[in-house]
Amino acid sequence: MNLDANKALIRHVFEKVITVGDPVAMRELVAPDWVDHDPLPGQPGGLAGAEYVVSTMHSAHPDLRFTIDDLVAEADRVTIRWTLRGTNTGPMLGRPPTGQPVELAAIVIFRIADGKIAERWAGWKPGRAPAR
């Protein structure tokens, strides 16, 4: 198990996949039986769910950018604490776009298996989470 490779995988998702809105790229990064323990409303299961997260995040904030505040790897887990900044120009979590700048923050834990993302757990920072 290569902790640096696991961290690089997660960094790649946040810096190169979600920010450019490339859901198809997730097919190479996520295990076929991927499980999201904290799915977004309306998110399908499996690989389609990983693609849905990328599409939803990017379409709601096409100018989004992430700051990776912390990135820690231990055994088969990678934990990221991130802050997203962008403009809410598309719907997210059932709410209409506001056209306003947003700042969202979360801590997410990923389990990596055979070089792919196998599971995801997420917790939004109170007061900096999308309104539901």
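This is a predicted model: local features need pLDDT of at least 70, side-chain atom pairs count only at pLDDT 80 or more; totals for chains, interfaces and linings use all residues.
## Loops, core and cavity

Asp114 is exposed, with a relative accessible area of 82%.

Asp114 sits in the loop that joins β4 and β5. Its backbone deserves a look too: Asp114 is not a glycine, yet its phi is positive, at about 55 degrees. Most residues other than glycine have a negative phi. Ala75 also has a positive phi of about 55 degrees without being a glycine, and its place is the loop between β2 and β3. How exposed is Ala75? Ala75 counts as partly exposed, because its relative accessible area is 42%, a value between the 20% and 50% cut-offs.

| Residue | Phi | Loop | Relative accessible area |
|---|---|---|---|
| Ala75 | about 55 degrees | β2 to β3 | 42% |
| Asp114 | about 55 degrees | β4 to β5 | 82% |

The largest nonpolar core holds 35 residues, and Ile10, Phe14, Met57, Trp82 and Ile117 have the most contacts inside it. At least two residues of this core come from each of α1, β1 (30–36), α2, β2 (65–74), β3 (77–87), β4 and β5. Which element gives the most to this core? That is β4, with 6 residues.

Leaving aside residues up to four places away in sequence, Trp82 touches Phe14, Met57, Phe66, Thr67, Asp69, Leu104, Ala105, Ala106, Val108 and Trp124. Two of these partners, Phe14 and Met57, are also listed with Trp82 among the core residues with the most contacts.

The largest cavity contains about 200 Å³ of space. Its lining is made of 16 residues, and those closest to its centre are Phe14, Ile18, Val53, Phe110 and Arg120.

Which elements supply at least two residues each to the lining of the largest cavity? They are α1 (3–17), α2 (46–60), β4 (101–113) and β5 (116–124). Of the elements, α2 gives the most to this lining, with 4 residues. By type, the lining of the largest cavity has 15 nonpolar residues, no polar ones and 1 charged residue. Arg120, one of the residues closest to the centre, belongs to the charged class because Arg counts as charged.

Key. Residues are numbered from 1 along each chain as its sequence is written. Side-chain values use heavy atoms; hydrogens and water are left out. On a 1 Å grid over the protein atoms alone, a cavity is a set of points where a 1.4 Å probe fits but cannot get out, and a pocket is an open set with protein on both sides within 12 Å along at least five of seven lines; lining residues have an atom within 4 Å of a point. Grid points are joined across faces, edges and corners, and a volume is the space filled by probe spheres set on the points. A nonpolar core is a set of buried Ala, Val, Leu, Ile, Met, Phe, Trp, Tyr and Cys residues joined through side-chain atoms within 4.5 Å. Buried means under 20% relative accessible area, exposed over 50%, partly exposed in between (1.4 Å probe, protein chains only). Contact means heavy atoms within 4.5 Å.
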